[in-house]
Amino acid sequence: MRQYVRRYIHSLYKEITDWLETSRERASYLVLYSIIYCEDYITQFLDNLLVCLYKVVLEKSSKLIIRNFEISLRFIGRYCMPTAYQTLIMSAIKNELASFY
């Protein structure tokens with residue numbers, strides 16, 4: 001699984017922000033399962049992944065999608081070192097990631 005995440009993770013970013021809700025739900029499940037299977041390997045994709053998750057949470061889409069991303073963020077916190085995502089989280093809190101939205 002770790003070998004193949006690199007191939008489809010960038011397409012997942014587009015699917016997460018798709019206008020069809022069913023596509024977004026399926027993409028949210030795939031993100032969740034990819035994080036579970038890849039564990040700490042997902043660290044190299046965190047910069048784009050976290051920005052994508054911010055977009056979805058700010059859109060306030062369906063409760064299922066937001067719940068999947070909450071679980072995904074818990075697993076990121078469990079598997080990845082805090083130093084890997086600390087600067088990204090702090091810049092989001094300070095609203096410095098507005099250029100990515």
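Visitor: In which helix does Ile 35 lie?
Guide: This is a predicted model. In the model, the helix that holds Ile 35 is H2.

Visitor: Is Ile 35 buried or exposed?
Guide: Take the relative accessibility of Ile 35, which is 1%. Buried means under 20%. Ile 35 therefore counts as buried.

Visitor: How far apart in space are Ile 35 and Tyr 79, C-alpha to C-alpha?
Guide: Along the sequence, 44 residues separate Ile 35 from Tyr 79. In space, the C-alpha to C-alpha distance for this pair is 8.6 Å.

Visitor: Which residues make the nonpolar surface patch?
Guide: Stay with H2 for a moment. Helix H2 covers residues 21-38, and Tyr 29 lies in that helix. Tyr 29 belongs to the patch, which has an area of about 430 Å².

Visitor: Why is Tyr 29 classed as partly exposed?
Guide: Buried is under 20% and exposed is over 50%, with partly exposed in between. Tyr 29 is partly exposed because its relative accessible area is 30%.

Visitor: Where is Glu 39 found, and what is its phi?
Guide: Glu 39 sits in the loop between H2 and H3. Its relative accessible area is 33%, so Glu 39 is partly exposed. Glu 39 is a residue other than glycine, yet its phi is positive, near 50°.

Visitor: Which helix gives the largest share of the lining of the largest pocket?
Guide: Three helices each supply at least two lining residues: H3 (46-59), H4 (63-79) and H5 (82-93). The largest share is 5 residues, and the helix that gives it is H3.

Visitor: Which lining residues lie nearest the centre of the largest pocket?
Guide: The pocket holds about 180 Å³ of space. Its lining has 11 residues. Nearest the centre are Leu 50, Leu 53, Tyr 54, Leu 73 and Ile 89.

Visitor: How many residues of that lining are nonpolar, polar and charged?
Guide: Sort the lining of the largest pocket by class. No residue there is charged, and 1 is polar. The nonpolar count is 10.

Visitor: What separates the C-alpha atoms of Ala 84 and Leu 32?
Guide: Ala 84 lies in helix H5. With a relative accessible area of 29%, Ala 84 is partly exposed. Along the chain, Ala 84 and Leu 32 are 52 residues apart. Their C-alpha atoms are separated by 18 Å.

Methods
Residues are numbered from 1 along each chain as its sequence is written. This is a predicted model: local features need pLDDT of at least 70, side-chain atom pairs count only at pLDDT 80 or more; totals for chains, interfaces and linings use all residues. Side-chain values use heavy atoms; hydrogens and water are left out. On a 1 Å grid over the protein atoms alone, a cavity is a set of points where a 1.4 Å probe fits but cannot get out, and a pocket is an open set with protein on both sides within 12 Å along at least five of seven lines; lining residues have an atom within 4 Å of a point. Grid points are joined across faces, edges and corners, and a volume is the space filled by probe spheres set on the points. Helices (H or I, at least four residues) and strands (E, at least two) are DSSP runs, numbered from the N terminus. Ala, Val, Leu, Ile, Met, Phe, Trp, Tyr, Cys and Pro count as nonpolar, Asp, Glu, Lys and Arg as charged, and the others, Gly among them, as polar. Patches are made of residues with over 30% relative accessible area and no salt bridge: like charges are joined within 9 Å, nonpolar side chains (Val, Leu, Ile, Met, Phe, Trp, Tyr) within 5 Å. Accessible areas come from the Shrake-Rupley method with a 1.4 Å probe; for residues, only the protein chains shown count as cover. A salt bridge is a side-chain nitrogen of Lys or Arg within 4 Å of a carboxyl oxygen of Asp or Glu. Buried means under 20% relative accessible area, exposed over 50%, partly exposed in between (1.4 Å probe, protein chains only).
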